[in-house]
Amino acid sequence: MHQITKGTWNGHETIIMHSETLEATLLPSLGNNIIRLWDKQAERDVLRTPAESDFDYYMTKPYHFGIPMLMPPGRIRRGRFAYAGVDYQFDQNTANDNHIHGLHRTQAWTVQSAVVEHDQCIVTTVFRTEEDANWMRQYPTPLELKLTHILKGHRLTQKLEMTNIGEQPAPFGYGTHTWFQLDSEPEKWTLQVPVSGIYELDHELIMTGRTLPLGEHEGLNKGQNLQGTNYDTVFSTGGQRPEAWLTREDGYRIRYAGNEPYFKHWVLYTRGEANEIICVEPYTWLPDAPNLPFDQDTTGLIELLPNTPVELVLELDIIHP
């Protein structure tokens, strides 16, 4: 039975979507993050979930929990670029005076609707960047963002619609930093993800413009055991379907996929040697995309034309053995 209930996290209202097998907790007022995905059948947390005691840490780095949205993802050299005659200057928030992980942090989203219909939970939320002075200071083209969460059975779908409500074209990049739990048993998990090459990073962890062969990571295409892996790596899909599979040795599987042609890149991150988590991060644009010597088809930079919506879709499925 599908239903929607409400709860709280550190005094902030949460919206909880329920299906027969999953329970997804959304935190609209602090970044619109799915902070928990509880698998009722397996009785496990699928994602890294913030405890009440993690409030201060969450407010500093909200992208370290759940399914945080990165707009845009990755680093931008010195936080600076120009597009369609407009200069953009993002805050320099790394040790090297670069920018990382975009302007979306803990902004409050407006819940437009929360309904159960046709055996699915549907929660639609809206955020207008022109209402955020700090955002507009860095990205002066106003956007309307609408994110719809749909929970049906074993699938959680997120649909992000971006609309440029300004007067000139604007560059857009999107990704998630999704924290999948490995339950401190990486040896039991295998990751299969379509990749064709590795984007070389310089000493500041920014793209050099070169693509390297997969080498020891070739196994990702057929399934690579996570024991002993250590990822902070940017991969190209090489035009392959952006669909990742995380499989436990007993047949428990997680599918994570984005819509084509937008999701062109993956970042894998284990925070040191894989143990508790692996972040499987689908990106539309390559970090530092506006400054790279590639065309937009390669970088994945999405040009938002005025009053022309673009929709990005991510699906997360849990398949039980």
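Helices (H or I, at least four residues) and strands (E, at least two) are DSSP runs, numbered from the N terminus. Before you start clicking, note that this is a predicted model, in which local features need pLDDT of at least 70 and side-chain atom pairs count only at pLDDT 80 or more, while totals for chains, interfaces and linings use all residues. Residues are numbered from 1 along each chain as its sequence is written, and side-chain values use heavy atoms, with hydrogens and water left out.

**Stop one: Phe65.** Select Phe65 in the loop between α1 (55-60) and β6 (69-70). Phe65 is buried, at a relative accessible area of 1% (buried means under 20%, exposed over 50%, partly exposed in between; 1.4 Å probe, protein chains only). Now show its contacts (heavy atoms within 4.5 Å): beyond four places in sequence, they include Tyr57, Tyr58 and Trp179. Arg36 lies 29 residues from Phe65 in sequence, with 8.5 Å between their C-alpha atoms.

**Stop two: the nonpolar cores.** Such a core is a set of buried Ala, Val, Leu, Ile, Met, Phe, Trp, Tyr and Cys residues joined through side-chain atoms within 4.5 Å. In the largest one, with 68 residues, Leu145 and Phe180 touch the most other members. Colour strand β28 (residues 310-319) next, as it gives the most to this core, 5 residues. A second, separate core has 9 residues, among them Leu70, Tyr199, Val267 and Tyr283.

**Stop three: Leu212.** Finish in strand β20 (residues 207-212), where you will find Leu212. Is Leu212 buried or partly exposed? Leu212 is partly exposed, because its relative accessible area is 27%. Its contacts beyond four places in sequence are Gly197, Ile198 and Glu200. From Leu212 to Ile198, 14 residues apart along the chain, the C-alpha separation is 5.0 Å.
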